[in-house]
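Take a slow look at this protein before reading on.

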Amino acid sequence: MIALLFGLLLLLLLIGVPVTFALGLAAVVTIWQGDIMPLLIAPQEMIRSVNSFPLLAIPFFILAGNLMQAGGISKRLVDFSKTLVGSTTGGLAMVAIVTSAFFAAISGSGAATTAAVGAILIPAMAAQGYGKPFAAANQAAAGALGVIIPPSIPMILYAISANQSVGDMFMAGFLPGLVVVVSLLIYARIHASNLHMPVEEPTSVGSVVSAGRSAILALLMPTLILGGIYGGIVTPTEAAVVAVVYSLLVGGIIYRELPLREIPLIMRDSAITSAVVLSIIAAAGLYGRIILSLQVPTVISEYVIGAIDSAWMFIILVNLLLLVVGMFLEAAAAILIFTPILLPIALSFGIDPVHFGVIMVVNLAMGMFTPPVGLNLFIASQIAGIGIPQIARAVVPFVIILLVDLAIISFLPWLSLVFTGR
């Protein structure tokens, strides 16, 4: 039955069946053939998987990200980032990275970060001479910060799956996110130097202050959200609701760039995106139930522990596995499927579950900008007006950079744990 469960899922994914249906069909067929439980359990388990208060944060963070994009918040973040790094070599590429970091600290979504920032900066980078493939690849990679820097939707999913604190997971993402930001900035500067890109005039202190004043409400948003969570004032779900209300007030009333007629369309798009994510969670919940019923974690744990005698070797193997998985599965599905399998083994090797969660999230973040199913790649390629093969070649250096970052994050646990008090 284990071979049927995994083999059928792989087959369905290879022939192009959407992830939700592939997970659901593989689980239902395995139940039917193996007589593991009554089929009536399948819909009940799917409903139970999404019947979770912390999961409500996901649609609210998605809605907040879309409201920020339409309400002028992302534009002001771009303008402020330009005053900080725009006058250095590779300034515009750096602006995309810094703005994505700011936006990531609000939206929690890699796709939303790529779309909101890329819509402004991919055409600007292409016009300045970076070339459309690099501009799109730079933004696709920077967009992955949306799931590494807290708040992060995949971190919420991992915390629920691993029975860990969402707040601890968010705290653990700060320094790893900073490592990724710095490495991307260094590469942007090197690439621009190789292209002999012109350097703009240095930004005056007055310009920084002026842009900062214009963006102050946008910059306060991460403080409001994350400060409320870490201060024990609100839960992550309540913080997501605060983010929606704040985006409506700032974009619609203060900036006045969010017309009332657009709000129904934004809510519709957010509902569609949320439905896709939650349907994956529901199907993955059923699939995970079958995994546990077949005692897959126990079987794999016994084999791995017998074959591997080092926690570091286990981490290396997990990284290789998740890198491949991330190329074919969305982060939400991968976390829900592999957390119950891999976490018990990690715990047996003495690996902290929060650190292990960060390793999983960073791995799967890379899958967002690697073919064949990297969502950020598709969004960036559509904005740039180029094909996937062109952007796939340009993204190779970014994959190498993130691999180095992943090694640093994996083998220096304190980067993830220093702010959690663990």
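Helices (H or I, at least four residues) and strands (E, at least two) are DSSP runs, numbered from the N terminus. The model is a predicted one: local features need pLDDT of at least 70, side-chain atom pairs count only at pLDDT 80 or more, and totals for chains, interfaces and linings use all residues. Residues are numbered from 1 along each chain as its sequence is written, and side-chain values use heavy atoms, with hydrogens and water left out.

Start in the loop between helix 9 (145-148) and helix 10, where Pro151 lies. The peptide bond from Pro150 to Pro151 is cis, with omega near 0°. Why point this out? Most residues other than glycine have a negative phi, and most peptide bonds are trans.

Positive phi values turn up too. Asn163 has a phi near 55° and is not a glycine. Find Asn163 in the loop between helix 10 and helix 11 (166-172). Is Asn163 buried or exposed? Its relative accessible area is 70%, so Asn163 is exposed. The cut-offs are these: buried means under 20% relative accessible area, exposed over 50%, and partly exposed in between (1.4 Å probe, protein chains only). Arg256 also has a positive phi, about 55°, and is not a glycine. Arg256 sits in the loop between helix 14 and helix 15. Arg256 counts as exposed because its relative accessibility is 72%. Just after helix 2, Asp35 takes a positive phi of about 50°.

Now look at helix 2 itself. The expected span of a helix is 1.5 Å times one less than its number of residues. Covering is judged by contact, which means heavy atoms within 4.5 Å.

Helix 19 (residues 353-366) is next. How many of its residues are buried? The count is 14 of the 14, so helix 19 is largely enclosed by the rest of the structure. Its end C-alpha atoms are 20 Å apart, which agrees with the 20 Å that its 14 residues should span. At the start of helix 19, a side-chain oxygen of Asp352 comes to within 2.8 Å of the backbone nitrogen of Val354. That is a polar contact: a pair of N or O atoms within 3.5 Å, where, within protein, one must be able to donate a hydrogen and the other to accept it, and residues adjacent in sequence count only if both atoms are side-chain atoms.

Helix 22 (residues 396-411) reaches 23 Å from its first C-alpha to its last, close to the 22 Å expected. Its buried residues include Phe398, Leu402, Asp405 and Ile409.

Move on to Thr420, in the segment after helix 23 (414-417). Thr420 is buried, because its relative accessible area is 15%. Its side chain reaches the backbone oxygen of Leu417 at 2.8 Å. Leaving aside neighbours within four places in sequence, Thr420 is in contact with Asp168, Met171 and Ala172.

Finally, turn to the open spaces. On a 1 Å grid over the protein atoms alone, a pocket is an open set of points where a 1.4 Å probe fits, with protein on both sides within 12 Å along at least five of seven lines; lining residues have an atom within 4 Å of a point. A volume is the space filled by probe spheres set on the points, which are joined across faces, edges and corners. The largest pocket holds about 920 Å³ of space. Its lining has 37 residues, and Ser109, Ala111, Ala112, Thr273 and Leu375 lie nearest its centre. Which helix gives the largest share of that lining? Helix 15 does, with eight residues.

The second largest pocket holds about 640 Å³. Of its 24 lining residues, Leu10, Leu13, Val325, Phe328 and Leu329 are the closest to its centre. Helix 1 supplies the largest share of this lining, five residues.
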